[in-house]
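Hi,

Here is the structure I promised to pass on to you. Have a look at it first, and my notes on what turned up follow below.

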Amino acid sequence: MLSVSEAFQLIEQTILPLSACEVLLSQASGRVSACDITSDSDSPPFDKALMDGFAIRSQDIQADVRLKVLERITAGEVPQCSLKEGTAIQVMTGAQLPAGTDAVIRIEDVLTPEEEEISFTIDSISPGRNVMSRGESMQAGEVVVACGERLAFPKIALLAELGCSQVSIFLQPSVAVLATGNELVPVDQIPGPGQIRNSNETMLVAQVENAGAKAVPLGIARDDRDDLRSHIKTGLQSDFLLLSGGVSAGVLDLVPSVLAELGVQQAFHKVHMKPGKPIWFGVRPADAENPRPCYVFGLPGNPVSSMVCFELFVKYALDRLENLPSQPAESRKARLRQAHLVKGDRPVYYPARITQNDHEFTATPVCWVGSADLRGASEANGMILFAPRDAEYQVNEIVDVWKWFETN
Ligand code: AMP
Ligand code: MG
């Protein structure tokens with residue numbers, strides 16, 4: 001059976017990264033930049049007042065000095081005069097400072113600020129005080145966004161300051177989510193005998209959104225060829241289709257054969273791991289009707305199998321589509337906080353609580369009884385990889401972990 005690393009390789013070979021596309025900056029939040037972006041100007045573009053007050057020459061400020069006010073300028077106005085010995089110019093926050101200024105005295109430190117001559121409650125000020133010099137925060141020619149960087153709101157703001165009204169990004173992948181199973185009822189219904197709620201759809205939609213992609217929930221398809229076919233056809237219009245259930249060895253596990261009927265080419269089925277062994281992956285190539293390929297994951301129906309396979313494989317596939325570095329989701333080393341017994345010949349991806357202090361990660365396996373145990377897995381914020389061996393991992397042993405999301 002395929003190993004996890006072989007599965008990663010097949011995903012890497014199958015997925016063709018998206019090509020870049022120009023969008024309005026207002027539509028780029030959360031997307032990956034398709035190029036380096038260089039500043040074409042200094043920030044601030046002029047020496048700027050950081051306080052409401054008076055532009056002065058610091059050497060003029062001494063006990064009992066009086067300075068003559070030459071003019072008053074607000075943000076957006078340009079100074080007409082330059083400072084000479086014994087003079088001051090009133091400035092508002094953000095105003096361009098007149099030539100000769102090397103500090104701004106806050107209005108709170110000025111006696112009689114309305115008068116033609118002002119005096120001060122302080123008798124010295126250091127040069128540079130309350131002044132932001134031209135180019136202090138950014139200089140023309142600096143690379144401010146690297147190609148492959150995800151654009152979060154601070155970078156969006158900086159690009160707005162730079163006047164990048166259009167940016168080149170990789171479009172947000174759309175991910176259709178389809179649950180399969182005769183036993184499923186929608187989350188807002190009370191299950192009848194033998195039935196359960198379709199928790200996987202909501203879970204996968206949340207995971208898709210956590211990964212920065214756009215979820216397209218498609219509801220439930222029954223374990224029936226015609227119903228599966230019509231739902232899957234709809235799902236194949238997205239960049240990805242995630243199916244849950246129907247990929248194991250049961251008599252109603254019809255998903256792989258219906259996918260084949262619809263021209264989805266299998267890349268792999270079954271991976272040597274636990275939970276998640278029955279996972280299926282393939283692609284419906286681009287054709288005359290569909291300009292973009294659709295990548296299809298058949299995730300095992302057991303909720304924690306689906307959850308783990310998403311975090312391990314689907315997230316990697318999404319990153320790959322968005323041109324992010326082509327290496328599987330990065331694991332970290334963590335110190336195990338409690339002993340843990342492992343059995344069996346498959347690597348185990350075990351739900352865990354990962355915490356981080358100043359110098360290390362630590363990992364505590366959650367109390368969990370297997371792939372159908374959502375209650376146990378709901379305490380996790382990541383997973384530990386236990387290598388296949390019949391052994392007891394000791395407290396403080398170093399293990400590989402993945403953190404799924406940040407927690408407080
Ligand atoms: P399957 O992979 O279809 O054989 O399903 C394996 C197990 O997962 C069965 O116990 C199913 O009832 C359960 N299961 C399948 N789909 C879902 C779903 N959408 N939500 C919750 N559990 C599910
Ligand atoms: Mg099923």
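Let's start with the ligand: how many residues surround ligand 1, and which are the closest? Keep in mind that this is a predicted model. In it, 17 residues surround ligand 1, and the closest are Glu183, Asn198, Gly246, Gly301 and Asn302. By type, the shell around ligand 1 divides into ten polar residues, four nonpolar and three charged. As for where they come from, at least two residues of the shell are supplied by each of strand S14 (174–180), strand S16 (196–197) and helix H3 (199–210).

The side chain of Glu183 has an N or O atom 2.6 Å from an oxygen atom of ligand 1. With Asn198, a polar side-chain atom lies 2.9 Å from a nitrogen atom of the ligand. Ser199 comes in through its backbone instead: an N or O atom there lies 3.3 Å from a nitrogen atom of ligand 1. Taken alone, ligand 1 exposes 490 Å², and the protein buries 78% of that.

Next, the strands. There is an open sheet of three strands in the order S1-S13-S2, and the pairing is antiparallel. Why is one side of S1 and of S2 left without a neighbour in the sheet? Strand S1 (21–24) and strand S2 (32–33) stand at the edges and each has a single partner strand, so one side of each has no neighbour there. S1 and strand S13 (residues 166–170) run antiparallel and are joined by four bridges. If you want a place to look, Val23 stands opposite Val167 in S13.

Strand S5 (residues 53–56) is worth a look too. Three bridges join S5 to strand S7 (residues 87–91), and the two run antiparallel. Here Ala55 has Ile89 of S7 as its bridge partner. S5 is also joined to strand S8 (residues 103–106), by four bridges and again antiparallel. In that pairing, Gly53 stands opposite Arg106 in S8. As a reminder, strands of a sheet pair through backbone hydrogen bonds, either parallel or antiparallel.

Finally, some backbone details in the loops:

- Ser43 and Pro44 are joined by a cis peptide bond, with omega about -10 degrees. Pro44 is in the loop between strand S3 (37–38) and strand S4 (48–49).
- Lys274 to Pro275 is a cis peptide bond as well, with omega near -5 degrees. You will find Pro275 in the loop between strand S19 (265–269) and strand S20 (280–284).
- Asn130 is not a glycine, yet has a positive phi of about 60 degrees. The loop that holds Asn130 runs between strand S10 (117–120) and strand S11 (131–132).

Over to you now.

Cheers

Conventions. Residues numbered from 1 in each chain as written. Chains lettered and ligands numbered in written order. Predicted model: local features only at pLDDT ≥ 70, side-chain atom pairs only at ≥ 80, totals over all residues. Heavy atoms only, no water. Near = heavy atom within 4 Å. Polar contact = N/O pair within 3.5 Å; in protein donor to acceptor, adjacent residues only side chain to side chain. Areas by Shrake-Rupley, 256 points an atom, 1.4 Å probe, with all protein chains shown as cover. Nonpolar A, V, L, I, M, F, W, Y, C, P; charged D, E, K, R; others polar. Pairing = 2+ DSSP bridges.
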